[in-house]
Amino acid sequence: MSGFTGTGQLFRLALRRDRIVATAWILGLFLYAYSQAASIIALYPTQADLDKLARTAAGVGANPAVVALQGPAYDASTYGGATAWQLVTPWVFLIGLMSLLLVTRHTRQEEETGRAELVSAGVVGRYAWLAASLLFVLAANVVLVAITALAFIAMGLPVTGSIMLVVDCGLGGLVFAGVAAITGQVTQYARPANGMAFAVLGAAFLLRAIGDSATELSWLSWLSPIGWAERFRPFAGEQWWVLLLPLALLLVLLVAVAALLVRRDVGAGVLPVRLGPPAAPPWLRSPLALTWRLQRGALLGWTIGSAIAGLSFGAIAQDMVQAAAEDPETAKMLARLGGAGSITDIFLAAILSWLGMLAAAYAVQATLRLHAEETELRAEQVLATAVPRTGWAGSHLLVAAVGSAVVLATGGLVAGVAHGLRAGDLGGELPRVLGGALVQLPAVWVMAGIGAALFGLLPRLVVGGTWAVLAVVLSITTFGEPLGLDRWALDLSPFAHLPRLPAAAFTAAPLAWLLAITAVLAAAGLAGFRRRDLVSTA
Amino acid sequence: MMGATAISVSGLVKTFGPTRALDGLDLQVRTGEVHGFLGPNGAGKTTTIRILLGLLRADAGQAELLGGDPWRDATALHRRLAYVPGDVTLWPNLSGGEVIDLLGRLRGGLDPKRRADLLERFDLDPRKKARTYSKGNRQKVALIAALASDVELLLLDEPTAGLDPLMEASFREVIADERHGGRTVLLSSHILAEVEALCDRVSIIRAGRVVESGTLAELRHLTRTSITAELANPPDGLVELAGVHNLVLDGTRVHFQVDTARLDEALRRLSAAGVRSLTSQPPTLEELFLRHYQTEQVATPAGDGQPTREGER
C-alpha cells in the first residue's frame with residue numbers, strides 16, 4: 001500500500017491547518033440542527049400542539065413553494081418527525097456545501113498554490129494527499145453528526161431515530177465530498193473546482209425541489225442525493241435500503257477519482273485550462289464597463305438569493321392569515337412586527353423589510369469593492385490612465401446603487417407574483433408588494449453612502465466600520481422593537497423611517513430625507529477620495 | 001507645452017507618519033532620454049513615481065511632469081504617459097489580452113500592430129486568464145499595455161524584476177527602440193547592468209534623496225579604475241601619489257585603484273618601471289552604487305511607497 005504512505009501525517013497536517021475553519025463549520029451546522037429541534041420542542045409543548053402542527057404541515061406542506069424549499073413532511077406529529085421535516089433538506093445541502101469546500105481546500109487549492117508539490121517531493125504516496133483530505137472531511141462529518149445525535153438524544157428524541165436521522169444526512173452530504181474530489185481532478189484551479197461541485201449540489205437541490213413539489217415528476221427526486229436523504233423518511237418509517245444509494249455513489253466516485261488521479265501530473269488538471277478571449281470586447285473601454293465586468297457575477301448571485309427569499313416569503317404570506325386565525329400566539333407575534341392593516345399586509349411589510357436588509361448587505365459589499373481594488377493595487381493601474389478618480393469611484397457606487405435596486409425589484413417581483421397567485425389577485429397584489437420592496441431603496445442607499453463616505457474619508461476603517469454599522473442597523477431594525485429600545489435608538493436605523501408598505505400609507509418626506517443624506521454621504525466620500533493619497537496595502 | 005525637461009522635481013518631501021520616505025528629492029529628466037532611477041528597495045523610487053502619477057500628494061516641494069502639475073492635471077497628463085508598476089496585480093478573471101486592451105483604451109487607445117508585435121516579442125499568450133499568469137507574465141501584460149500605447153513618457157518601476165534573461169533581452173531591445181523613437185523613459189531599477197545598458201543618464205537615490213545624477217561618463221569620472229600590472233622593476237612613487245587607493249605591492253606585481261582624474265599620472269609611473277602586462281577595469285556602476293551605500297549605512301531606510309500601517313504608526 002505504498003500509494004498511501006504518509007496519509008496519516010497529511011491527515012494530521014489537515015487537522016492542524018483547519019482547526020478553526022472546520023470547527024466553525026461544524027459548530028455552525030450543529031447549532032442550525034440544534035435550534036431547529038429546540039424551537040419545535042419550545043413552540044409545540046404538548047401532543048395537541050404537535051397534532052395541530054401536523055395538520056398545518058399538511059396544509060402548508062401542500063404549498064408547492066414551501067415543499068420546494070423544505071422538502072415533504074412525512075409525519076410531523078412527533079418531535080422527531082417535525083424536526084426531520086424542518087431539518088433534512090437544508091441540512092444535507094449545507095453539509096454538502098461544507099464537504100465540497102473542505103475537499104477543494106485540501107486538494108486542488110493545495111496543488112494550485114504549489115504547497116502540494118513541496119510535500120509530494122517527500123516520502124508521500126500518490127494517493128496519500130487525496131486520501132488524507134477525504135479522511136479529514138469524513139472526520140468532520142462524523143464529529144458533526146455525533147454531537148448532533150447526542151444533543152437530540154439529550155433533548156429527549158428517540159435514540160435510534162436520532163442516530164438514523166443524522167447518519168442519513170451525513171451520508172447525503174458526504175456524497176458531495178466525492179463530487180468535489182472529482183472536480184478537483186478535472187480542473188487546475190480551486191475556483192472552478194468549487195464552482196463545478198457547487199453546480200452539482202445546486203442541481204441536486206433543484207431536481208428534488210421539482211420532484212417534491214410536482215407529483216407527476218416525483219421520480220426526479222430519486223436522482224438527487226438530497227432527495228434520497230428525504231426519502232429515507234427519518235422518524236417516519238425509515239427505509240433502510242435507501243442508505244445504500246449514497247454509499248454506492250460514494251464508492252463509484254472514489255473509484256473514479258483514483259482512476260483520474262493516476263492519469264494526470266501533479267498540478268495539472270484532466271481538462272485543459274480554459275482560455276479567455278485574446279482581445280477585449282469593444283464595450284470594455286470605460287471604468288464603468290470594467291466595474292460592470294468585475295461586479296456582474298456577484299450581482300447575479302445576490303439577485304438569485306433575493307428571488308429565492310422573495311419566493312419563500314411571498315408564497316406563505318397568505319397562509320399567515322390561517323395560521324394566525326388558528327393560533328393567537330402567531331397573531332401576537334405578527335402584531336409585534338408592527339404596523340396596522342391586515343395580518344397578511346403586516347407580514348408582507350416585515351418580509352419586504354428583510355428584503356431591504358438583504359439588498360443593503362449587497363450594496364455594502366459592492367461599495368467595499370472600491371477598497372479591495374485600491375489595496376490590491378489594481379486601482380493604481382486604472383488611475384494611472386486617463387480615468388479621473390471620481391469617475392472610477394463613481395462607477396462602483398453607480399453599480400452598487402443600480403444593483404441594489406435590481407436585487408430589491410427582483411425579490412419584490414417574485415414575492416409579489418408568488419403572493420398574488422396564492423391570493424388569487426395577481427393584478428392587485430403584485431404592484432403593492434413590488435412598491436413595498438422598492439420603497440426600501442433610499443434606506444439601502446444610505447448604507448452604501450456610509451461605505452462611500454468612510455472609503456473617502458477614513459479608508460483604514462472602511463471595511464470593519466461599514467460592516468459594523470450595517471450589523472448595528474440590522475440588529476436595531478430586527479430586534480429593536482421586541483427588546484423595547486427607546487424611540488431615538490430605533491430611529492438610528494434608516495429602515496425605521498420608511499413607510500411600512502403595504503401595511504401603512506405612503507409618505508414621501510422621509511424618503512426625500514434619506515435620499516438627501518445619501519447624496520451628502522456619497523459627495524463627501526468622493527470629495528475625500530479626490531484629496532487623499534492612494535492606500536497601497538490593507 | 002513640451003519643454004526640454006519631461007520631469008522636473010525639486011525639494012520633494014513625503015512622509016508617512018514618522019517615516020520620511022522622500023527627504024528633499026531633486027530629479028531632472030530631459031525629454032527624449034532614458035533616465036535610470038537607481039536605488040535599493042525602500043529608497044523612495046516608488047514613492048517618487050506615485051507622486052509623479054498623482055496617486056500620492058507631496059508634502060512639500062515642486063514637481064512638474066510634461067509641463068503640468070502631476071496632482072492637479074493628473075487625468076490630462078495620464079493621456080500622454082504610461083505606467084508599469086513594480087508589483088503588477090491584475091483582475092484574475094480577465095484574460096491578458098483583455099487587460100492589455102482595457103488599459104490601452106483607458107489611456108486613449110493603443111496601436112494594434114504594435115500590440116501584436118509586442119505579444120510576439122515577449123512571447124505572451126493573451127488568451128490566458130490573469131489568474132494563471134506568473135509574476136513575470138503579469139509584468140509582460142502591463143509592459144505590453146504601456147508600450148503599445150502612443151504616449152510621450154514611460155514610467156517603468158522595476159519592470160524586469162520577474163522576467164527571465166531571454167525576456168530581459170527583449171525588454172532591452174524594445175527600450176532601445178523607444179529611445180530611437182524619441183520617447184522619454186524613467187526606468188526605476190536596482191539592476192545595474194540594465195541601467196548601464198539602457199540609460200543615457202542616471203540618478204542614484206538613497207534614503208529619499210538623489211545623491212548622484214548625471215551621464216554614465218560623468219559618474220564614472222567620479223570613480224576609480226582598478227589596475228593590475230606586472231612590472232619589470234618595483235615601481236617608484238606610487239605610494240605617495242594622491243588618488244591611489246588600496247595599493248598592494250608584491251615585488252613586481254602591483255594592484256591598486258586610482259581616481260579617474262589621476263589615472264594618467266599613475267600610468268606614467270608604471271611605464272617608468274617597465275610594464276610587462278596590464279589589466280585595467282573601468283569603474284562599474286556597481287562600484288559607484290556600492291560606494292554610496294557602503295560609506296554611510298543610514299539606519300532609516302525610507303518606506304518605498306508603502307504607506308502601510310507601520311508607516312502610520
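Let me begin with A:Arg233, which counts as partly exposed because 19 C-beta neighbours lie inside 10 Å, and please keep in mind throughout that this is a predicted model. A:Arg233 sits in the loop between helix H11 (225-231) and helix H12 (244-261) of chain A, and its phi is near 55°, a positive value in a residue other than glycine. As background, most residues other than glycine have a negative phi, and most peptide bonds are trans.

In chain B there is B:Asp123, which also has a positive phi, of about 55°, although it is not a glycine. B:Asp123 belongs to the loop between helix H4 (112-121) and helix H5 (135-147) of chain B, and it is exposed, because 12 other C-beta atoms lie within 10 Å and a residue with 12 or fewer is called exposed.

Going back to chain A, the peptide bond that joins A:Leu501 and A:Pro502 is cis, with omega at about -5°, and A:Pro502 is found in the loop between helix H21 (487-490) and helix H22 (509-531) of chain A.

Now to the sheet. In chain B, four strands form an open, antiparallel sheet in the order S11-S12-S10-S13, and its edge strands, each pairing on one side only, are strand S11 (244-250) and strand S13 (275-281) of chain B. Within it, seven bridges join strand S10 (residues 224-231) to strand S12 (residues 253-259) of chain B, and B:Ile227 has B:Phe256 in S12(B) as its bridge partner. Finally, helix H9 (residues 263-273) of chain B lies across S10, S11, S12 and S13 of chain B, running at about 5° to S10(B).

Key:
Residues are numbered from 1 along each chain as its sequence is written. Chains are lettered from A and ligands numbered from 1 in the order in which they are written. This is a predicted model: local features need pLDDT of at least 70, side-chain atom pairs count only at pLDDT 80 or more; totals for chains, interfaces and linings use all residues. Helices (H or I, at least four residues) and strands (E, at least two) are DSSP runs, numbered from the N terminus. A residue is buried if 20 or more other C-beta atoms lie within 10 Å of its own, exposed if 12 or fewer, and partly exposed in between; C-beta atoms are placed from the backbone. Two strands pair if DSSP finds at least two bridges between them. Two residues are in contact if their C-beta atoms, placed from the backbone, lie within 7 Å. Axes are lines fitted to C-alpha atoms, for helices over the stretch in contact, and angles run from 0 to 180 degrees between N-to-C directions.
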